[in-house]
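Hello,

Please find below the structure I said I would pass on. My notes on it follow, in plain terms, so that you can read them with the model open beside you.

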Amino acid sequence: MSILCPGTCSELSTDNINILRSVGIRTVVDFLAHSPDQIANKCSFSHTVVSAIRRALLAQHASLVVSGSNIYHQVSQKLTILHTGIQSIDNLLSGGLLSTELTELAGASAAGKTQLCLAVAARTSLVPKHCVLYISTGADFSSERLRELMILSGSPQKNLSEALEQVKCIHAFDVFRLLEVLHNLPALIHNDSVFYAHLKLVIVDSIAAVIAPIIGGKQIEGHGLMMQVARKLKEIVVEENIAALVTNRVVQSDRNSIKPALGASWLHVPHTRILLTNQREDGTDHSILIRKATIIKSIRQPINLTTRFVLPGN
Ligand SMILES: Nc1ncnc2c1ncn2[C@@H]1O[C@H](COP(=O)(O)OP(=O)(O)OP(=O)(O)O)[C@@H](O)[C@H]1O
Ligand SMILES: [Mg+2]
């Protein structure tokens, strides 16, 4: 709270400040909270003096008025939309993954989580100066498949090595290594490294693999570590203006449905949650595998929007 000081304007002299103090007006807020008439009466100031002080205080202390359209323009200029490489998923997400947001892919084993992560990494790295950090907590990352997905995304052969250079894979087999990688990231981004300076996407495949083993039962530290990972991820996406994509397992919700794992605390972490499911449907000649993606949480879109998708090359 700013105290009234002499010098803001010629009318705010030491003598006038003392008069204001004598009637209990000590701070800028005190002054502005009183009507000009009240101050003029209490202090025996002329209306010209009160108005001059009021104008000077407002000019110095009031926050700038910014229109909603200006804010929207500033935000939309800063945001980056990353296409996923799968048109129906891009349509579902109104364009793709957004910088400053954390998106979660949840699904059972073989639902296509890793394949989708690789597809997003491949598609993102085809854009010049769009680098991807792929944090793999298992052995699912495949550079061969990544290369194949780049070709399927339409990369000309001569640009392949450039695109591959824009993807870095780091293994983190436990939560401590994951926290270390996330902790070091901001410093790397602000260093001179070309790769990290152009980082647009961080993938953690899978977050559940390192967190699920440390929560539940009698473990008391697990929940805290999970929330540290959550806070670090959110800090990075917002402060560094990048997108994050994490994968999660599913657990049985009731007899007929599944829900993402990691419980109620983690539920609040991703901005968008997509549930991936597989279903066999009988075609005329043979059964066909149908893959579905459903938005089950979003800060921007209605939930329960669903799309069918096909993994590239399948
Ligand atoms: N190299 C590949 N080329 C084409 N399709 C593949 C390839 N590898 C895997 N797939 C397809 O993707 C499916 C598995 O997807 P993925 O590995 O993404 O599952 P996941 O959801 O990550 O499972 P998990 O939870 O076990 O890691 C396979 O059933 C297969 O149909
Ligand atoms: Mg996987």
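Thr 100 is partly exposed, since 19 other C-beta atoms lie within 10 Å and the cut-off for a buried residue is 20 or more. Please keep in mind that this is a predicted model. Thr 100 sits in the loop that runs between β2 and β3 (102-107). Its phi is near 75°, which is a positive value in a residue other than glycine.

Ser 94 can be read alongside it. The phi of Ser 94 is near 55°, again positive in a residue other than glycine. You will find Ser 94 in the loop between α6 (87-92) and β2 (97-98). Is Ser 94 buried or exposed? Ser 94 is exposed, because 12 other C-beta atoms lie within 10 Å and a count of 12 or fewer puts a residue in that class.

The chain has an average pLDDT of 92, and 99% of the residues score at least 70. Confidence is lowest in helix α5 (residues 68-78), where the mean is 85, and highest in β7, where it is 98.

In what order do the strands of the open sheet of 8 strands stand? The order is β5-β4-β6-β7-β3-β10-β11-β12, and the pairing is mixed. The edges are taken by β5 (167-171) and β12 (306-309); each has a single partner strand, so one side of each has no neighbour in the sheet. From one strand to the next, the twist averages 20°.

As background, strands of a sheet pair through backbone hydrogen bonds, and the pairing is either parallel or antiparallel. Both kinds can be followed here:

- Strand β6 (residues 199-205) and strand β7 (residues 243-248) run parallel and are joined by 4 bridges. Leu 201 has Ala 243 in β7 as its bridge partner.
- Strand β10 (residues 272-282) and strand β11 (residues 287-297) run antiparallel, with 10 bridges between them. Lys 297 in β11 is the residue opposite Arg 273.
- β11 also pairs with β12, in the antiparallel sense, over 4 bridges. There, Thr 294 is opposite Thr 306 in β12.

Leu 245 lies in strand β7. Leu 245 is buried, because it has 28 other C-beta atoms within 10 Å, where 20 or more are needed. Leu 245 and Leu 116 are 129 residues apart in sequence, while their C-alpha atoms are 10.0 Å apart in space.

Ile 170 belongs to strand β5. With 15 C-beta neighbours inside 10 Å, Ile 170 counts as partly exposed. Along the chain, Ile 170 and Leu 133 are 37 residues apart, and 7.5 Å separates their C-alpha atoms.

**A hairpin and a cis peptide bond**

β8 and strand β9 (residues 257-260) pair in the antiparallel sense, over 4 bridges. What joins β8 to β9? A hairpin does, by way of 2 residues. Within this pair, Val 250 is opposite Pro 260 in β9. Strand β8 (residues 250-254) lies largely in the open, because 0 of its 5 residues are buried.

The peptide bond from Asp 205 to Ser 206 is cis, and its omega is near 0°. Ser 206 lies in the loop between β6 and α12 (207-211).

**Around ligand 1**

Which of the 13 residues around ligand 1 come nearest? They are Ser 109, Ala 110, Lys 113, Thr 114 and Gln 115. Helix α7 (residues 113-125) gives the largest share of this shell, 3 residues. By type, the shell around ligand 1 holds 3 nonpolar, 7 polar and 3 charged residues.

Regards

Methods:
Residues numbered from 1 in each chain as written. Chains lettered and ligands numbered in written order. Predicted model: local features only at pLDDT ≥ 70, side-chain atom pairs only at ≥ 80, totals over all residues. Near = placed C-beta within 6 Å. Nonpolar A, V, L, I, M, F, W, Y, C, P; charged D, E, K, R; others polar. Pairing = 2+ DSSP bridges. Axes fitted to C-alpha atoms, helices over the stretch in contact; angles between N-to-C directions. pLDDT = per-residue confidence, 0-100.
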